[in-house]
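Hi,

Here is the structure I promised to pass on. Have a look at it first, and then read on for what turned up.

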Amino acid sequence: MSTNQLENLDYKYPRIGKSKWTLIPICIFLVTLFIYFPITYKVKSILKKQLTSIPGCPLDYKDIKTEFFLPKLIVEDLSIPARCLNLRNSPDLKMKKVFLHFRGLSFSPFGPHFLLETTILKNKLSAYITTGIGGMGISIRENVFDSRVINHFVPKFRLSGKIKTDLLVKTNSDGLSDLKLNFRSNDIAIPPQSLQGFKLSTLILNDLLLKAQMKGNKLEVQDLILGDAQAPIRASFNGNIDISPRNFKNSQLDLKGEVKFSSEFLEKYAIIKLVMGKFDKRDDFYQIALKGPVTRPTPQKAR
């Protein structure tokens with residue numbers, strides 16, 4: 001090709017009529033619909049089966065709707081029975097709408113992968129969830145929950161404050177298969193309440209840290225810390241929890257640690273000195289072991 005021919009080449013985009021430009025987004029939409037419709041329809045069927053086939057805990061819902069343009073499923077009026085959470089005297093956990101935004105496929109477990117968004121007890125919740133034939137995986141990252149959520153799951157012991165939560169849960173046909181958690185707070189308090197006949201006034205603790213991960217059938221508690229340097233009660237524990245996969249309430253504690261009470265607290269609740277007198281003391285910290293079921297831990301002398 002000569003130099004003159006190269007200079008005469010037209011590098012402009014070819015002209016496309018307005019009608020053709022109008023057809024382009026329509027074609028893209030139809031192709032997207034074609035790609036996602038069979039996948040979303042299949043995922044919807046899998047989700048319905050997952051919600052109703054959990055052993056001993058079928059979930060209730062009003063309807064599951066599908067949106068294709070930004071592919072997602074919407075579960076309306078989802079209700080988790082209290083017995084599924086091992087809560088006897090608590091109301092069912094209800095969510096008006098649960099949005100499941102399709103994020104492709106996951107391989108652990110293998111199945112459709114979603115970004116879940118909903119509101120639980122007026123707290124926003126976002127999580128990544130994978131549902132598959134082999135089980136289910138849930139990952140919660142940097143979610144903040146206030147006392148309404150805390151007290152729903154622990155109705156016999158009330159707390160106030162906010163807890164930042166990182167949580168990974170995996171289940172299979174045998175129940176719980178993996179668990180990692182990291183709960184932390186700097187504004188935790190115990191409001192006035194009666195605990196096993198013992199009346200408590202407000203206790204400002206501030207710090208809370210619970211860090212644990214599952215190893216085999218045991219949950220290794222790496223850190224359980226309660227209270228800062230100015231708190232009336234300070235505690236630190238670590239150890240193991242023998243997990244009962246099908247009923248967490250039957251899991252057994254085996255923790256060791258120490259507890260310290262402020263002088264003001266001991267003056268106000270003199271009976272504490274009598275109760276704690278049987279435990280060894282090191283630098284004003286009582287050395288304690290916690291054993292027994294997680295719902296009824298028994299303090300024992302540390303060995």
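Ser79 is found in strand 2 (residues 72-80); strands here are DSSP runs of E with at least two residues, helices are runs of H or I with at least four, and both are numbered from the N terminus. Ser79 is buried, at 9% relative accessible area. Buried stands for under 20%, exposed for over 50%, and partly exposed for anything in between, with a 1.4 Å probe and protein chains only. If you skip the neighbours within four places in sequence, Ser79 is in contact (heavy atoms within 4.5 Å) with Leu59, Asp60, Asp92, Leu93 and Lys94.

Before you go further, note that this is a predicted model: local features need pLDDT of at least 70, side-chain atom pairs count only at pLDDT 80 or more, and totals for chains, interfaces and linings use all residues. Residues are numbered from 1 along each chain as its sequence is written, and side-chain values use heavy atoms, with hydrogens and water left out.

Now the whole chain. Its secondary structure comes to five helices and 17 strands. Of its 303 residues, 36% are buried. Among contacts between residues at least 6 apart in sequence, 41% join residues at least 24 apart. The accessible surface (Shrake-Rupley method, 1.4 Å probe; for residues, only the protein chains shown count as cover) is about 19400 Å², and 57% of that belongs to carbon and sulfur atoms.

On to the strand pairing, where two strands pair if DSSP finds at least two bridges between them. Strand 11 (residues 203-215) and strand 12 (residues 218-226) run antiparallel and are joined by eight bridges. Lys215 has Lys218 of strand 12 as its bridge partner. Two residues sit between these strands in the hairpin, where Gly216 takes a positive phi near 65 degrees. Strand 12 also pairs with strand 13 (residues 233-242), again in the antiparallel sense, over seven bridges. There, Leu219 stands opposite Ile241 in strand 13. This second hairpin has six residues between its strands, and Gly227 takes a positive phi near 90 degrees.

Leu121, in the loop between strand 4 and strand 5 (123-132), has a positive phi of about 50 degrees. Asp284 has one of about 70 degrees, and its place is the loop between strand 15 (281-282) and strand 16 (285-293). Leu121 is partly exposed at 30% relative accessible area, and Asp284 is partly exposed at 48%.

Next, the inside. A nonpolar core is a set of buried Ala, Val, Leu, Ile, Met, Phe, Trp, Tyr and Cys residues joined through side-chain atoms within 4.5 Å. In the largest one, with 35 residues, Phe261 and Ile288 touch the most other members. Strand 11 gives the largest share of this core, five residues. Apart from it lies another core of 22 residues, among them Cys57, Leu73, Val98 and Leu100.

One more spot to look at is Phe114 in strand 4 (residues 110-120), which is buried at 2% relative accessible area. Phe114 and His101 are 13 residues apart in sequence and 5.2 Å apart in space, C-alpha to C-alpha.
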